[in-house]
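I opened my notebook to look up a few things about charges and surfaces here.

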Amino acid sequence: GATQRLPRLVGDETARRMIFLGERLDADSAAEAGLFGEVVSDDDLERVVGELADRLAARPAFAMRTAKQAINQGLEGSQKSGLAYEKRAFASLFGTHDQREGMTAFVEDRDPEFE
């Protein structure tokens, strides 16, 4: 899948150089190309991963699944089909408990309590 996924991640030129010439990216270049979000030391890795997992776990599960599916749909098909999927998917989120809780928490200036 690298010939299909890599150009979408790092751009055409960088992907071609990596695939055709076997060029590798150092950590700074890979981060700049969007291959990952951040670099942390070995000593901080477990703490940073734990904090990220906690942040993700605090988000509304149904909305997170829907967003993941929308991203995947857009990457696997055309942008047009991805946008159409996104429109349908996110419309389905309105009226859910988590949507109402999120809006209420925002108005009340408090952290939401998602299911």
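Predicted model: local features only at pLDDT ≥ 70, side-chain atom pairs only at ≥ 80, totals over all residues.

Entry 1: I began with Arg47, which counts as partly exposed because its relative accessibility is 44%. Which side chains does Arg47 meet in salt bridges? One is Asp44, at 3.8 Å from N to O. Another is Glu51, at 3.1 Å from N to O. I checked where these residues sit: Arg47 and Asp44 are both in helix α4, three residues apart, about one turn of the helix. Glu51 and Arg47 are both in α4 too, four residues apart, again about one turn. Asp44 has 31% relative accessibility, so I put it down as partly exposed. Glu51, at 41%, is therefore also partly exposed.

**Entry 2: helix α2.** Next I looked up Arg16, which forms a salt bridge with Asp12. Their closest N and O atoms are 2.7 Å apart. Both residues lie in helix α2, which covers residues 12-21, and they are four residues apart, about one turn of the helix. Is Arg16 buried or partly exposed? I read 41% relative accessibility for Arg16, so it counts as partly exposed. Asp12 has a relative accessible area of 45% and is partly exposed as well. For my tally, I noted that the structure holds seven salt bridges.

**Entry 3: a charge without a partner.** I reminded myself that side chains of opposite charge can pair when their charged atoms come close. Then I turned to Asp98 in helix α7, residues 97-107. Asp98 is buried yet has no salt bridge. How far away is the nearest side chain of opposite charge? That side chain is Arg65, and I found it 7.7 Å away. Leaving out residues up to four places away in sequence, I listed what Asp98 touches: Pro60, Ala61, Phe114 and Glu115.

**Entry 4: a nonpolar patch.** Last, I went to the surface, where Leu9, Leu25, Leu35, Phe36 and Val39 form a nonpolar patch. Together they have about 400 Å² of accessible area. Leu35 has 33% relative accessibility, so it counts as partly exposed.

Terms used. Residues numbered from 1 in each chain as written. Heavy atoms only, no water. Helix = DSSP H or I, 4+ residues; strand = E, 2+ residues; numbered from the N terminus. Buried < 20%, exposed > 50% of the residue type's maximum accessible area, 1.4 Å probe, protein only. Lys, Arg positive; Asp, Glu negative; His and termini not counted. Salt bridge = Lys/Arg side-chain N within 4 Å of Asp/Glu carboxyl O. Contact = heavy atoms within 4.5 Å. Patch = residues over 30% accessible without salt bridge, like charges linked within 9 Å, V, L, I, M, F, W, Y side chains within 5 Å. Areas by Shrake-Rupley, 256 points an atom, 1.4 Å probe, with all protein chains shown as cover.
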